Structure formats: structure tokens, C-alpha cells
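Trainee: I have a model open and would like to go through it by questions. Where should we begin?

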Amino acid sequence: PFLDISISLIDLGRVVLIPFNILMWFFELFNWNAYHFLVYLFMGSGALIFVLGVFTWLQTRSGRGKVAANWLYRYSRHPQYLGWIIWSYGLMLYGPSVNDMKKSWGWHGTLPWLLSTMVIIGICMLEELKMKERAGKEYDTYRNQTPFLFPIPGFLKKILNLPLRLIYKTERPGSKKQIGTIVGIYTILLMAFSLIWVDLSPEREEQVEARLEFSQGRA
């Protein structure tokens, strides 16, 4: 039972599978199991965005500019982190498809991915504090014109900023404490939403036997 609960806890980020499940449902309307296509699409596009983001950043640094605002930086203030998040999302989806017992436990590691992604988002916010100190009004202008990670509708942005407005009466975090609070709140909320799909109850004896038989067959 302890192992079963531990496995379930690792799935406390299952809410992050919603976009993938929606895409799978869409492609299944055309009788296409697009699992591997989507996995490689996420990993490939994420890696490409990351590389182009690094190239653009190096180009700006070589020109001694303070704020990178061209190429991908016109659509995302943090394209490297965005690329890493998308790539790692595809890698997380790929894990359960690996049949080798030494490489995969056979389930999505949604909670580790969720926690690492929230840490990355926190790092993005901390970097914006440094850029604000370094570039001042130039960075403010850029930040007002460019999405945080990727473009989202205005109404959704207001919903996402609601906890920040309610607690700190501001649209953007202005200190490390505020960043830690907001990232923590959203991490807890996403884990709470994931409880809808996670079963923490111990498996019945027949379920355990069936799972062991399946594992031995794979071996």
C-alpha cells in the first residue's frame, strides 16, 4: 500500500495532461492515434525554440544591448525557458511508452514535471526583477508589449493575475517574497485539481495480481 500511494503521489500533477488529452481527442476524431506524433512534436519544437532563443540572446549580448527584443523575444520574454518546458513536456509524455523496465516505471511523472516547471517560472520572474533594475524603463516598455511565456487572451491573463491582485494589489510581483507566494499558491492549486484524477486508495488484491502478471509478461 505504501508503494501504491507513493506512485499515486507522483501523479499529483495530472492536471498538466489536459492539453495533451484534448489534442489526442481531436486527432482521434479522424481515427488517428497521434501519440508519438505529439510526443516528438513537443520535443522537437521545444528544442528548436530553446536553440533559437539562445542564439537570439547571444546575438543581443554580442551587440551589447541591454534587452533582447528581436526574433523570438518579440513573442516571448523567456523563449529559452519556454523551449525547455515544451521539450520536457514531450519527454514526460514519452516515458510511459518505453518498454525497457530499466528506463521507465510505466507512468507519467507529472508531479516532478509540474514542480520543475513552477520552479522555472519562478526563476523567470526573478530574472525580470533583475532586468527591471538593469534596464529600467526600457525593460518596462518591452514587458508591456511582450507576453511572459506565450501569447494568451486578455481575459485569461486577468484570471491568472487574480491571486496577485487580491493579495498584493498589483499586476506583477515586485519582490522575491511575492514571487515565492504566487508560485506556491499556483503549485498547490494545480496539485489540488489533480486530485480529481488520482486514486490514493490501496489496490485490491486482484488488481495487484493483474499488474504483476502484466509486468512479468513485459519482462
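**Confidence and fold**

Mentor: Begin with confidence, since this is a predicted model. In the protein, the mean pLDDT is highest in helix H4 (residues 79-94), at 94, and lowest in helix H10 (residues 205-218), at 49.

Trainee: Over residues 1-6, how many contacts does the model have beyond near neighbours in sequence?

Mentor: The pLDDT over residues 1-6 is below 50. Where pLDDT is low, the predicted coordinates should not be read in detail. With that caution, the number of contacts for residues 1-6 beyond near neighbours in sequence is four.

Trainee: And how many does the stretch of residues 99-105 have?

Mentor: Residues 99-105 also have a pLDDT below 50. Beyond near neighbours in sequence, the number of contacts in the model for this stretch is seven.

Trainee: What share of the residues score at least 70?

Mentor: Averaged over the protein, the pLDDT is 82. The share of residues that score at least 70 is 80%.

Trainee: Which pattern does the protein follow along the sequence?

Mentor: The secondary structure consists of ten helices and zero strands. Read along the sequence, the pattern is therefore α-α-α-α-α-α-α-α-α-α.

Trainee: What share of the contacts with a separation of 6 or more comes from residues 24 or more positions apart?

Mentor: Of the 219 residues in the protein, 34% are buried. For contacts with a separation of 6 or more, the share from residues 24 or more positions apart is 71%.

**Helix packing**

Trainee: Are H2 and H3 parallel, antiparallel, perpendicular or oblique to each other?

Mentor: Helix H2 (residues 18-28) packs on helix H3 (residues 35-62) with the axes 10 Å apart and an angle of about 135 degrees. The contact joins Phe20, Leu23, Met24 and Phe27 of H2 to Tyr35, Phe37, Leu38 and Phe42 of H3. Their crossing is right-handed. An angle over 145 would count as roughly antiparallel and 65 to 115 as roughly perpendicular, so H2 and H3 are oblique.

Trainee: How are H3 and H4 oriented to each other?

Mentor: The axes of H3 and H4 come within 7 Å, and the crossing angle is roughly 160 degrees. H3 passes H4 in a left-handed crossing. Angles over 145 count as roughly antiparallel, so H3 and H4 are roughly antiparallel.

**Single residues**

Trainee: Is Phe50 buried, exposed or partly exposed?

Mentor: Phe50 is in helix H3 and touches Pro79, Gln80, Gly83 and Trp84, leaving aside residues up to four places away in sequence. The relative accessible area of Phe50 is 33%. Buried requires under 20% and exposed over 50%, so Phe50 is partly exposed.

Trainee: Is Ser194 buried or exposed?

Mentor: Ser194 lies in helix H9 (residues 176-194). Leaving aside residues up to four places away in sequence, Ser194 touches Asp11, Leu12, Gly13, Arg14 and Val15. Its relative accessible area is 0%, so Ser194 is buried.

Trainee: How far apart are the C-alpha atoms of Phe193 and Val15?

Mentor: Phe193 lies in helix H9, and at 46% relative accessibility Phe193 counts as partly exposed. Phe193 and Val15 are 178 residues apart along the chain. The separation of their C-alpha atoms is 6.4 Å.

Note on methods: Residues numbered from 1 in each chain as written. Predicted model: local features only at pLDDT ≥ 70, side-chain atom pairs only at ≥ 80, totals over all residues. Heavy atoms only, no water. Helix = DSSP H or I, 4+ residues; strand = E, 2+ residues; numbered from the N terminus. Buried < 20%, exposed > 50% of the residue type's maximum accessible area, 1.4 Å probe, protein only. Contact = heavy atoms within 4.5 Å. pLDDT = per-residue confidence, 0-100. Axes fitted to C-alpha atoms, helices over the stretch in contact; angles between N-to-C directions. Parallel < 35°, antiparallel > 145°, perpendicular 65-115°, else oblique. Left-handed = near helix turned anticlockwise from the far one by under 90°.
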